[in-house]
Amino acid sequence: MITAVIIMLKLKAIEILPSSSAFAATTQHWKHRIRIRIRIRIRISQSLFSSLSIPSSFSLHPSFKHFPSVAMASLSSTSNDSSSSPSSSFHSAGDVQKIKFCQWCGGTTKHDIPDGEERLRAICTTCGKIAYQNPKMVVGCLIEHDNKVLLCKRKIEPSYGLWTLPAGYLEIGESAMEGAIRETREEANADVEVISPFVQLDIPLIGQTYIIFLAKLKKPHFSPGPESSECKLFSLDEIPFSSLSFSSMVVTLNLYVEDMKAGRKPKFHYGTINKRPGTSPSDIDAFTLEDHMQS
Ligand SMILES: [Zn+2]
């Protein structure tokens, strides 16, 4: 069964419409395909999330390819950045023109499309090596404890002072699950056991993919790590949706709340976050969630 959900929400508007998807129809594992669109200046007509605290402006919709000139809001997703948190490297991601020197020999680069390829690359004029750029993976944990979830308030930029799930860049040599456990230990001083994967969110514009795992505390202890000013458990109705750090976090937590409010176990979700070009990592309203599928 396939369900396409269009959520239009801004200034209190949420609307969900059923639809179908050929892709989902052919895939048994994916029972639903949900597309979300956020629009502005629409009053709430129906509310799937009416009881939730959701950003005042966001829309999830099927095809967010044409970004309106007006401010768009969207489901959230989070990205931590820089070395330990993903969101900071977004804007330079994929900008091959910024690669001026070869990372192997230090020679100057030229920017050209190599034979047999279609993309512009930075090519070393000395050793000839090509600097391929590929997406980075961000991993983290959604920790359930006493019907609450654990969030951390960021003590670093970007999104200083905003709330996030413990997450960060996957390191070479570790699995996604190992990375998620490590990031949770670093940011929340929490020792967790992973329960299952919960969501994969691709953010093509900034070259990032998020994998967030459901997890539980091995011991009921947590405290702020060096990158956090506070760590706190929130009930579903207390989640500070208007103060989340990244669109990936907004999406992840909305999907989780939706699953839980529906009285079911969390499903596994996949989706693509299309951020509006030119927006900052912290602009949690400037995106749409597309190709949402769930197990
Ligand atoms: Zn070189």
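Predicted model: local features only at pLDDT ≥ 70, side-chain atom pairs only at ≥ 80, totals over all residues.

I started with strand β8 (residues 148–154): 6 of its 7 residues are buried, so the strand is largely enclosed by the rest of the structure. For "buried" I used 20 or more other C-beta atoms within 10 Å of a residue's own, with 12 or fewer counting as exposed, anything in between as partly exposed, and C-beta atoms placed from the backbone. Helices (H or I, at least four residues) and strands (E, at least two) are DSSP runs, numbered from the N terminus.

Residues are numbered from 1 along each chain as its sequence is written.

Next I checked which strands pair with β8, taking a pair to need at least two DSSP bridges between the strands. β13 (residues 228–235) runs antiparallel to β8 over 7 bridges, and there V149 has F234 as its bridge partner. β9 (residues 163–164) is also antiparallel to β8, over 2 bridges, with K153 standing opposite W163.

**The core**

Which residues have the most contacts inside the largest nonpolar core? I found C141, L142, I143, L150, I212 and L244, in a core of 49 residues. Such a core is a set of buried Ala, Val, Leu, Ile, Met, Phe, Trp, Tyr and Cys residues joined through C-beta atoms within 7 Å. Elements that each supply at least two residues include β7, β8, α2 (176–188) and β12 (208–217). α3 gives the most, with 7 residues.

I then picked I143 and skipped its neighbours within four places in sequence: its contacts are V149, L150, T184, A190, V192, A215, K216 and L217. A contact here means C-beta atoms, placed from the backbone, within 7 Å.

**A separate look: β4-β5-β6**

I also traced an open sheet of 3 strands in the order β4-β5-β6, with antiparallel pairing. Its edge strands, β4 (109–112) and β6 (130–131), each pair on one side only. β4 and β5 (residues 121–124) share 4 bridges, and H111 stands opposite A122.

**Whole chain**

Last, the totals: I logged 3 helices and 15 strands, with buried residues making up 44% of the 295 in the protein chain.

Terms used. Contact = placed C-beta atoms within 7 Å.
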